[in-house]
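Please open the structure in your viewer and keep the selection tool at hand.

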Amino acid sequence: MAQVWAFFLLALFSFSSYVSRLFLCSRNGEGSFLCALAPPEVPSIVSDSITPMAPKWGDIVWGHSVSTDLVNWIILEPAIEPDAPGDIKGCWSGSATVISGGQSVIMYTGGDVENHQVQNIALPKNRSDPYLREWTKACNNPVLQPVGPGMNPGEFRDPTTGWIGPDGLWRISIGAEVNGYSAALLYKSEDFLNWSRVDHPLYSSSASTMWECLDFFAVLPGSNGGLDLSAAIPKGAKHVLKVSVDQCDKYMIGVYDLERDAFMPDTVLDDRRLLPRIDYGNYYASKSFFDSKNRRRIIWGWTNESDSSSDDVAKGWADFELTSIDDADSFDPSWLLDPEKHCREAGASVHGGIGPFGLVILASSDMEEHTVVHFRVYKSQKEYMILMCSDIRRSSLRQGLYTPAYGGFFEFDLEKERKISLRTLIDRSAVESFGGGGRVCIIARVYPVAIVDDGKAQMYAFNNGSTTVRVPQLRAWSMMKAQVNLKKG
């Protein structure tokens, strides 16, 4: 739960042929985000907090939706509601874990009568129910409280999914502010009901005061497959600690030292603005889960604003091939501190050496409305840096919308590969783009009037740089309409 964002928490169990379920947890009724996992041997879950009575603070509950494919959803009754001392001020963010015997457990943050943030446990009332409609709260709630030297009781939230260490004990991490620093606190348990705090954090940093919506998982460089954090981790694997801070999701890659029970990033950055992001657009409070059936890790994220229906219209994939790399403009490392500012100043109409080039999408016939997704190529001392921008400043004629220019940089070896891929998913209110094979991802919310008025929108490829850029491949598909939040009959 962010203090400045209104959103939900999602507890997600991975899917297969079983039912997936989504719990929605929000703040101020403005949005939702995801936060949990489980293997496909049990029904899948996702959850989201909502304010059912009005878009204001208070009465935060866990809404509940189910799905068989994570695309089409049926809405059920709320799963968790604030009716106990440990959550009387709201049932907020948390995660779901499947423990021994296929038992599903939710740990979530609640607001108590003193407005302290505490952690609670909920268990399925009827494990034979494939939808897991009803949940009961543990009798020892709250199971964790913000006690200890330097703890800020108002900054202690968002428990991760649990994982098992080599000693057979369960572990979770919780975001906290300790002595004015950000900390991913570490806790251990034998039964997932009774917890003790480890005498050191999983990781901490003085570069910020609070991390929320933590995520911790393992990856194998060079592999597209996912890893189960509770299973044996193969040699050469890395670990990722994702944190939500500065209204975006940033991450660190490093090693999880099993002997010390601590995460050690490969690179420690004193300026948190330089941390890489999961997505460089309107994206927050993401949560990953391991899909054990397909051996992959899936990341969910929240993008605020939900003004329009979200039936998918089209998606596309394009390759841009550079005929020469000699005219790349020089790169200024200070741009890394604020790539959005550079996207505003070096927009699609500002000519350069290599770029800007890319796509104009959701454009009206008179170009009064349009969104631009484009690249620029720069040459630094050692490598080429690619700037990717998603500029929505002219995406709509409507007034009062948040229409920034999003952007992010990525390194690219143009000496070996002259093609830069761009994949863009487009619907009536969202544009999500993946550049350079996913090196930079940007999601943005857009509300073009042209689509509402006549249902038509144009798309163009363009190049405003001095270097010739070819488009050897441009493909587009239409997508079926998703069914979201249907009432269960």
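Predicted model: local features only at pLDDT ≥ 70, side-chain atom pairs only at ≥ 80, totals over all residues.

**Salt bridges**

D83 counts as exposed because its relative accessible area is 58%, and exposed means over 50%, whereas K137, at 26% relative accessibility, counts as partly exposed.

Next, select D261 and R171, where another salt bridge joins the side chains at 2.9 Å, N to O. D261 lies in the loop between β17 (248–257) and β18 (262–265) and R171 lies in strand β11, so this pair ties together parts that are 90 residues apart in sequence. Are these two residues buried or exposed? Both D261 and R171 are buried.

Now move to R272 and D246, whose side chains form a salt bridge of 2.7 Å, N to O. R272 is found in the loop between β18 and β19, and D246 in the loop between β16 (238–245) and β17, so the pair ties together parts that are 26 residues apart in sequence. R272 is partly exposed at 27% relative accessibility, and D246 is also partly exposed, with a relative accessible area of 36%.

**A buried threonine**

Select T160, which lies in the loop between β9 and β10 (163–164). T160 counts as buried because its relative accessibility is 4%, and buried means under 20%. Which residues does T160 touch, leaving out those up to four places away in sequence? Display S95, I172, S173, L214, D215 and K287, and you will have the contacts of T160 on screen.

**Backbone exceptions**

Most residues other than glycine have a negative phi, and most peptide bonds are trans. The next selections depart from that pattern, so look at the backbone there with care.

Begin with N141 and P142, where the peptide bond from N141 to P142 is cis, with omega near -10°; P142 lies in the loop between β8 (135–137) and β9 (151–157). Then go to G355 and P356, which are also joined by a cis peptide bond, with omega near 15°, and note that P356 lies in strand β23 (residues 354–363).

Continue with N179, which is not a glycine and yet has a positive phi of about 55°. N179 is found in the loop between β11 (170–178) and β12 (181–189), and at 55% relative accessibility it counts as exposed. R295 also has a positive phi, near 55°, and lies in the loop between β19 (284–291) and β20 (296–302). With a relative accessible area of 48%, R295 is partly exposed.

**A charged patch on the surface**

For the last stop, select D326, D327, D329, D413 and E415, which gather on the surface in a patch of negative charge. Where does E415 lie? E415 is in the loop between β26 (405–412) and β27 (419–427), and at 56% relative accessibility E415 counts as exposed.

Methods. Residues numbered from 1 in each chain as written. Heavy atoms only, no water. Patch = residues over 30% accessible without salt bridge, like charges linked within 9 Å, V, L, I, M, F, W, Y side chains within 5 Å. Areas by Shrake-Rupley, 256 points an atom, 1.4 Å probe, with all protein chains shown as cover. Salt bridge = Lys/Arg side-chain N within 4 Å of Asp/Glu carboxyl O. Lys, Arg positive; Asp, Glu negative; His and termini not counted. Charge placed at Lys NZ, Arg CZ, Asp CG, Glu CD. Helix = DSSP H or I, 4+ residues; strand = E, 2+ residues; numbered from the N terminus. Buried < 20%, exposed > 50% of the residue type's maximum accessible area, 1.4 Å probe, protein only. Contact = heavy atoms within 4.5 Å.
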